[in-house]
Amino acid sequence: MTQVPEPQPTDSSATPTRSADAVVVRGVDKTFDTRSGQVQALTAIGLTVSAGEFVSLIGPSGCGKSTLMRLIADLDQPTAGSVTVFGKTASRARLDQDYGIAFQQAGLLPWRTVAANVGLPLELHGATSRDRNARIEELLDMVGLSDFADRYPDQLSGGMQQRVAIARSLAEKPDLLLMDEPFGALDEMTRERMQTELLRICAETGAAVVFVTHSIPEAVYLSDRVVVMSPRPGRIQQIVPMALTRDPEHAEALREDRAFFDGVTAVREALHTGSPVPTGARGVENR
Amino acid sequence: MVLTLPGKSRSAARTETTLRIIAPIAVGILVLVGWQFLVSVIGVSDYLLPSPAAIVEEFIEFFPSMVSATLITGWNALLGLIIGSILGILLAAIAAGWRPIDHMSAPVVASLAVIPIVALAPVLNSMFGADSQFGRQAIAGLASFVPVFINTLRGFRQTLPVHRDLMKVYAASSAQIVRTVTLPTAVPFVFTGIRIASSLAVISALVAEYFGGPRGGLGGLISTSAASSAYARAWAYVVASIVLGLVFFLATLALERLATRGRRRS
Ligand SMILES: Nc1ncnc2c1ncn2[C@@H]1O[C@H](COP(=O)(O)OP(=O)(O)O)[C@@H](O)[C@H]1O
Ligand SMILES: [Mg+2]
């Protein structure tokens, strides 16, 4: 077999990751070359996400939310500007496994059981099978799928598959979570439960989150700051800080809080000043 | 979709499987009854169409020879299938990993696919001598190679972008990528190729026997029996060939199912 071309993850405990900002994006442009010409996906993006901060990206389809997330994940390279993750280049951070990611599609391996899918990153990075099994059990319990450990992805509903993908993204307790509309396929009940669960996980682990969503209430409920983007070319319209006081004990009560509705109004107004976006901004899942 | 009542869907599936087995058997029996009727009541002459009963009689009378002929042809086909499949998989793996090989092999494989490979039989027979089975095995191997190569190569190209992204995120080595994503994605395609190849291997091993070389295989005995006007016996050997072809097909189908278990497409 061929030998390892990519450097293996270094011992991240040696590097004081928490001292730096989680993500710093400076002057980033991204242009795609396509057959029908160039597509300007992002222009002049500047954004800093502090360690432990929850930031949502919201905006109409095609405004470059997924593209920005892929740049942070080092799955694409910016045409101009720089992306820094915990003070390192995006590429170094990826090799060091500094982030966990959940894509818009669950992206499970259909030939592996649910448990083997969740354990995939641990397996690739050489965790012992005892550690792995303990962690898998913990994670499946967290997303409420303990009874489905031995099922195959094809036997699960779309929402359950997405929960498996979320469990997988949390497997290595990353300090940064990148999530692209992870709850888009879930029903409203599960969605709210997962949101509260995600907040609890973040409070526990102190992870920073970059969270892409179509839903204004979701963005407001979850975020410290909401980044409102607008399309053609994709740019940051406005960054709306949320003034919600978070108390993990009464997370659900927040949904009826005055500050919550003020936040929703603020984000909606920001979205509408960008382009004449119709009412479609409300939780529409156009993927 | 998947989460319907398990009892209900299982019983529905069982009815479907039963139907799938019963329907062809019913059709087969009808055909046999009609055939026997044509021969014994309407009186179609024996050399045009021997009756099923006569064929069965010959089959039983020459049973030891049926078995040995099936074993000879079956062994040629099996050897060809195995070697052709291994070569097909290896070459497809190389072509998938290395563009120039892909471009070089494409015209070769295309011409292999269009040339009737049994046409090589007389050539190979005179090359390797009249008492060698090698020519037939080589022909079965060539015939198997093509579908296995084409399907495997296609399988290696099916890796989903989201899986590729995931492997990049995990900083997986190329060996890990091949093991965790590329190979498992390709496996169903490989086995589909082998299933297609299995029938071709039997057919070409059998037909190759018509072009000289040692007797004793099914093809050779079919032509000898027909040449000596033993039509019912010729048909009995044809029945043995059908059985052999079915065994190959069912075995490779079972292999394919086994390789893709847990991946039911709903
Ligand atoms: N790989 C690609 N090649 C060409 N164009 C792309 C590619 N990825 C994204 N784009 C384009 O970039 C723009 C932003 O896309 P995306 O980031 O997916 O938007 P969003 O996630 O906000 O819906 C779209 O116009 C899209 O067509
Ligand atoms: Mg998107």
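## Chain B and its aromatic pairs

Buried residues account for 39% of the 266 residues in chain B. The model is predicted.

### The build of chain B

Start with the secondary structure. Chain B holds 10 helices and 0 strands. Along the sequence, the pattern reads α-α-α-α-α-α-α-α-α-α.

Now consider the overall dimensions. The radius of gyration of chain B is 23 Å, while a compact globule of 266 residues would have one near 18 Å. Along the principal axes, the C-alpha atoms fill a box of roughly 75 × 60 × 30 Å.

How do contacts in chain B relate to the sequence? Take the contacts between residues at least 6 apart in sequence: 76% of them join residues at least 24 apart.

The surface comes next. Chain B has an accessible surface of about 14,400 Å². Carbon and sulfur atoms supply 74% of that area.

Charge is the last item here. Chain B carries 19 positive side chains and 10 negative ones. The centres of these two sets lie 20 Å apart.

### Aromatic pairs

A pair of aromatic rings is described by two things: the distance of the centres and the angle of the planes. How many aromatic pairs does a search of the whole structure find? Over all chains, the search finds 5.

One of them joins Trp35(B) and Trp235(B). Their ring centres are 5.8 Å apart and their planes meet at 70 degrees. Planes over 60 degrees apart count as edge-to-face, so this pair is edge-to-face.

Where do the two partners sit? Trp35(B) belongs to helix α1 (residues 6-42) of chain B, and Trp235(B) to helix α10 (residues 231-259) of chain B. The pair therefore ties together parts that are 200 residues apart in sequence.

Phe59(B) and Phe63(B) form a pair too. Here the ring centres are 6.0 Å apart and the planes are at 55 degrees, so the pair is tilted.

Are the residues in these two pairs buried or exposed? Residues under 20% relative accessible area count as buried, those over 50% as exposed, and those in between as partly exposed. The table applies these cut-offs.

| Residue | Relative accessible area | Class |
|---|---|---|
| Trp35(B) | 18% | buried |
| Trp235(B) | 32% | partly exposed |
| Phe59(B) | 23% | partly exposed |
| Phe63(B) | 44% | partly exposed |

Ring pairs link Phe54(A), Phe183(A) and Phe211(A) into a cluster.

### Two residues to look up

Find Ser85(B) in the structure. Ser85(B) lies in helix α3 (residues 63-97) of chain B. Its relative accessibility is 6%, so Ser85(B) counts as buried. What does Ser85(B) touch, not counting residues up to four places away in sequence? The list is Gly80(B), Val148(B) and Ile194(B).

Then move to Gly46(A). Gly46(A) is part of strand β2 (residues 37-49) of chain A. With a relative accessible area of 38%, Gly46(A) is partly exposed. Leaving aside neighbours within four places in sequence, Gly46(A) is in contact with Val25(A), Gly27(A) and Ile236(A). Leu156(A) gives a distance to check: from C-alpha to C-alpha, Gly46(A) and Leu156(A) are 39 Å apart in space. In sequence, Gly46(A) and Leu156(A) are 110 residues apart.

Definitions and conventions: Residues numbered from 1 in each chain as written. Chains lettered and ligands numbered in written order. Predicted model: local features only at pLDDT ≥ 70, side-chain atom pairs only at ≥ 80, totals over all residues. Heavy atoms only, no water. Helix = DSSP H or I, 4+ residues; strand = E, 2+ residues; numbered from the N terminus. Rg over C-alpha atoms; globule rule 2.2 N^0.38 Å. Buried < 20%, exposed > 50% of the residue type's maximum accessible area, 1.4 Å probe, protein only. Contact = heavy atoms within 4.5 Å. Areas by Shrake-Rupley, 256 points an atom, 1.4 Å probe, with all protein chains shown as cover. Lys, Arg positive; Asp, Glu negative; His and termini not counted. Charge placed at Lys NZ, Arg CZ, Asp CG, Glu CD. Phe/Tyr/Trp six-rings, centres within 6.5 Å; stacked < 30°, edge-to-face > 60°.
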